[in-house]
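This briefing is meant to be read beside the sequence and the three-dimensional model. The points that follow are grouped by topic.

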Amino acid sequence: MRRFTVLAVLVAATLTASFNGADAQDRVRVGVLECRGGASVGFIVGSVINLGCVLRVEGMPEDRYIATIRKVGLDLGITQETALGWAVYAPVARLGQGDLAGTYAGAQGSATLGVGVGGNVLVGGSNNSIALQPLSLQGQVGINVAAGLESLELRPGR
């Protein structure tokens, strides 16, 4: 399991480094998207998890979303809870309520034994113009190893 943890951390670091430069250059950082969710079960070829999310933008009211994350690739194990945070980059400095709604895609890697880490970089939204880049590594509790492709669907929430 230790080998998988090292592999997942390396994948997450590589993904973050590769997307930080090119994708953010034409975009402005507009805020932070924070997501939290409960238990999930990973199957050999993927998993699905639902999360509650909040976009936090300085000087603006919170913008809530419901997220569905689908992973395709290696995903084995069970997690009790998950917390994710992304810096949100858009082609404009201000987003309106619900503007993050849409589908995002990217690569993902994580490993958990007790408390674990992971990372994912996603691009999507309106005309693939919004980039979600990890602020830090994903935190989760459980037993899990995952690597592959990920999609995130954001819908306006309450």
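Tyr104 is a residue of strand E5, in what is a predicted model. With a relative accessible area of 0%, Tyr104 counts as buried, since the cut-off for that class is under 20%.

**Contacts of Tyr104**

- Setting aside residues up to four places away in sequence, Tyr104 touches Leu122, Val123, Gly124, Gly125, Ile130, Leu132, Glu150, Ser151, Leu152 and Leu154.
- A polar atom of the Tyr104 side chain lies 2.7 Å from the backbone oxygen of Leu100.

**Nonpolar core**

- In soluble globular proteins, nonpolar side chains tend to be buried together.
- The largest nonpolar core of this model has 23 residues, and those with the most contacts inside it are Leu33, Trp86, Val88, Leu100, Leu132, Leu152 and Leu154.
- Two or more residues of this core come from each of E1, E3, strand E4 (63-90), strand E5 (102-124), strand E6 (130-134) and strand E7 (138-156), and E4 gives the largest share, seven residues.
- When neighbours within four places in sequence are left aside, Leu152 is in contact with Ala67, Thr68, Ile69, Trp86, Gly102, Thr103, Tyr104, Leu122 and Leu132; among these, Trp86 and Leu132 are themselves listed with the residues that have the most contacts inside the core.

**Disulfide**

- The count of disulfides comes to one, formed by Cys35 and Cys53, whose sulfur atoms are 2.0 Å apart.
- The link of Cys35 and Cys53 is right-handed, with 110 degrees about the S-S bond.
- Because Cys35 lies in strand E1 (residues 28-37) and Cys53 in strand E3 (residues 46-56), the pair ties together parts that are 18 residues apart in sequence.
- Cys35 counts as buried at 1% relative accessibility, and Cys53 is likewise buried, with a relative accessible area of 2%.

Note on methods. Residues numbered from 1 in each chain as written. Predicted model: local features only at pLDDT ≥ 70, side-chain atom pairs only at ≥ 80, totals over all residues. Heavy atoms only, no water. Disulfide = S-S within 2.5 Å. Helix = DSSP H or I, 4+ residues; strand = E, 2+ residues; numbered from the N terminus. Buried < 20%, exposed > 50% of the residue type's maximum accessible area, 1.4 Å probe, protein only. Core = buried A, V, L, I, M, F, W, Y, C linked by side-chain atoms within 4.5 Å. Contact = heavy atoms within 4.5 Å. Polar contact = N/O pair within 3.5 Å; in protein donor to acceptor, adjacent residues only side chain to side chain.
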